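Reader: I would like to go through the labels used for this model and hear what each one rests on.

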Amino acid sequence: MSALLEHRVNGLAQRVGLRLVIDDEHGDERRYRLVEPMSMTPISADGGNGSASLHELESWLEFPWE
């Protein structure tokens, strides 16, 4: 399931010109970050460090204007 969700989120990120990268791993939970591909500048919906779960990033990428 995790690989399928990661693939889906990666596809959503590519549609808007971003790249999905693994930020860090805490036990069983991986944290991800969206970056601008050329400069690797983190992109964050909440203005924080940009690290989030796949479910959080999926929700944001589906409705980035909210």
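Reader: Where is serine 51 found?

Author: Serine 51 sits in the loop between strand 3 and helix 2. Helices (H or I, at least four residues) and strands (E, at least two) are DSSP runs, numbered from the N terminus. This is a predicted model, in which local features need pLDDT of at least 70, side-chain atom pairs count only at pLDDT 80 or more, and totals for chains, interfaces and linings use all residues. Residues are numbered from 1 along each chain as its sequence is written, and side-chain values use heavy atoms, with hydrogens and water left out.

Reader: Why does serine 51 count as buried?

Author: Buried means under 20% relative accessible area, exposed over 50%, and partly exposed in between (1.4 Å probe, protein chains only). Serine 51 has 16% relative accessibility, so serine 51 counts as buried.

Reader: What joins the side chains of serine 51 and aspartate 23?

Author: A polar contact of 3.0 Å. The term covers a pair of N or O atoms within 3.5 Å; within protein, one must be able to donate a hydrogen and the other to accept it, and residues adjacent in sequence count only if both atoms are side-chain atoms.

Reader: Why does methionine 38 count as exposed?

Author: Its relative accessibility is 76%, so methionine 38 counts as exposed. Methionine 38 lies in the loop between strand 2 (29-35) and strand 3 (42-43).

Reader: What makes methionine 40 partly exposed?

Author: Methionine 40 has a relative accessible area of 40%, and is therefore partly exposed. Methionine 40 also has a positive phi of about 60°, although it is not a glycine.
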